[in-house]
Structure formats: C-alpha cells, structure tokens
Amino acid sequence: MPPLVSIDDIKVWFPIRKGVFNRVVGNVRAVDGVSLDIMPGETMGLVGESGCGKTTIGRAIIGLQPVTSGKILFEGEDISQFGHNERQRFCRSCQMVFQDPYSSLNPRMTVLDIITEAMVYHGLISSRERETKALELLAEVGMGRDALNRYPHEFSGGQRQRISIARALSLNPRFIVCDEPVSALDVSVQAQVINLLMDLREKHSLSYLFISHDLSVVRLISQRVAVMYLGHIVEIGKAEEVLEKPLHPYTQALLSAVPRPGKNVEERIILKGELPSPANPPTGCPFHPRCPYATDECRTALPAFVGTEHKCACYHFSKLA
C-alpha cells in the first residue's frame, strides 16, 4: 500500500538578516533533511523537545510554511507543484488542529460560522444547509445545539478544542495534523479529547500526524512514532517498540524523564551541556555534543538509519547491532 503522505528530505530554513541592507547572514535550520511516510489510516506520533522542528513539519505539510528544499507528496503528488484548483482540492483532504484552541478560532465569529465557513467557500453546502450540517458536526464531537450561536470565549478550553476538531472535519478530510491538541487542556479533559480523536479516526478512516511532547499520550494514540532532535529524525518505529525499547541515546533520555510510580530519581538520564542552536548546528550527528557515547566519527558525518521497521540513526547503536 503506498503512503498517503510522503516527506522526502525536506528542509525548512529561516533566514537571519542583519544590517542596513537586510542581508542574509545565516539560517535557522528548523527542519534539516527529514523523510517520513504516513500510511492511510495510520497515526504517526512525532515527539521531541521544544524547538526541535515538530510544528514546522506539520505546517509545511498543510502548506502554511514553504519548504526550502525537498518534496512533500500527498497521494503521490508533489504539493509544491499544485496550482489553484489542485491546492483547493488538497485543502479539502488535509486539515490541522492547532495547539491553542482559543487563538485558532476567530473571536468575532459564532460557532455556526466557524464550522461552516470552509464548506460554504468550497461550495459543499448552500446557505440553507449551514445549520443542519453544523449540528451534525457538533454532535460528532459531543456538543449540542446550544453552542451554535455562541462565541469562542464562552466555552472552556476542552469545548473550544472540540469546536476546532469539528471545523477540521467539516471538509471530510483524509489527513489531519494534530499539533499538540491536548497540551493546553486539563488532564481529565485530555483523555476525553484523545478518545474522541481515536473514535473519529475509526469512523472516518482518518490518518493523523500527532505532534506532542507528552510521551504517554503518544503511546496511547499512535501506531508508529518518530523521535526528532534539532531538525532531524533520530529514531522511528512501531510505538510499542520505540517507547519500550528505545535505541537512540536521546530517546532513552526522553523516556527516562517520564515520571512513573516507584521510579527512582537515580534512574533518570541527565543530558550534559546545552541544546545547540539551530542557527549554528553541530557537524555530524546533531546529538553528539550531549551524547555520552560520542566518538570522532559522530563529530564528522551524519549517521544513516540502521534497521528495518524500527530504525535508528546512531553510530553507537550500529556498532552494537
């Protein structure tokens, strides 16, 4: 089965400008050569610490962020080559649920307008059908008629995120980028939203790119997980394998920081040194300045992935394998 979304060696660099003439003196390498396949009906978890480039990948996939180089293929078609008509068709197939449900909803629009705006624009419904369709979508996310004519500020964080999910579903997409959709919510509400996303995935045969820094949430919802560090993916595989038997030293350090009952503080892996700047990344393996197993080889060349389904880009692991 071919992948629904295929990312082929994409780079997203942001120019650094200085001086009177606003000249480019460098680049922030937010994403620096990432390849990733997402299959139909699959939830791919993307994890890593803040600033590693997770959200930039999600925004690049849906077209909010242009890529510096590389290709993003949707059903085998390069989205960067789409004209106006192809772009409109793609927008109906790919949507995004943002991290902050308050800032992603227009405060001057009612829920009715928010949910049906895209459907009216794409000509999927007439103005007479707006209320009926909005009620159907609200029912899918567990909300009722009383929400129709209210504004975003009148709802709780969990309710606003449900409205965001209903808006994303309005165009009947096949793929949704979930950018930390539960990180701003209370723990009890997080479980409700995660269960909702899982139910919708089964009902509508959706594929997700689920971006998060919460490994327990990723473990629950994802079939596969990719671990990202400083613009690079360093490990990828089935969720249970990556999160139970991590291979890369960075993944091991991430998992050791997750609090668990009965876990001793001594079991934590404390990384030494500071996170390098994406404006001046280290040569070779991006993790080598903080890695306890780093050698001269790590400092000179970027390691290739080793493995089949569970893959790791690490010279130390390749010697052990």
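This is a predicted model. The largest nonpolar core has 55 residues, and the members that touch the most others in it are Ile-165, Ile-176, Leu-197, Phe-210 and Val-225. As background, nonpolar side chains in soluble globular proteins tend to be buried together. There is also a second, separate core, with 31 residues, including Leu-36 and Phe-82.

Let us follow Ile-176. Leaving aside residues up to four places away in sequence, what does Ile-176 touch? Its contacts are Gln-95, Met-96 and Val-97, then Ala-168 and Leu-169, and finally Leu-206, Ser-207, Tyr-208 and Leu-209.

Ile-176 points from strand S7 the same way as Cys-178, while Phe-175, Val-177 and Asp-179 point the other way. In general, side chains in a regular strand alternate between the two faces of the sheet. Is S7 mostly covered or mostly uncovered? Mostly covered: five of its five residues, 175-179, are buried. That includes Asp-179.

Now the neighbours of S7. Strand S6, residues 94-97, runs parallel to S7 and is joined to it by four bridges. Met-96 has Val-177 as its bridge partner in S7. Strand S8, residues 207-211, is also parallel to S7, with five bridges between them. There, Val-177 stands opposite Leu-209. To get from S7 to S8, the chain passes through helix H6, residues 187-204, in a right-handed β-α-β crossover.

To recap: S7 is a buried strand, with bridges to S6 and to S8. That is what I have.

Definitions and conventions
Residues numbered from 1 in each chain as written. Predicted model: local features only at pLDDT ≥ 70, side-chain atom pairs only at ≥ 80, totals over all residues. Heavy atoms only, no water. Buried < 20%, exposed > 50% of the residue type's maximum accessible area, 1.4 Å probe, protein only. Helix = DSSP H or I, 4+ residues; strand = E, 2+ residues; numbered from the N terminus. Pairing = 2+ DSSP bridges. Right-handed = clockwise from strand over helix to strand, strands pointing away. Core = buried A, V, L, I, M, F, W, Y, C linked by side-chain atoms within 4.5 Å. Contact = heavy atoms within 4.5 Å.
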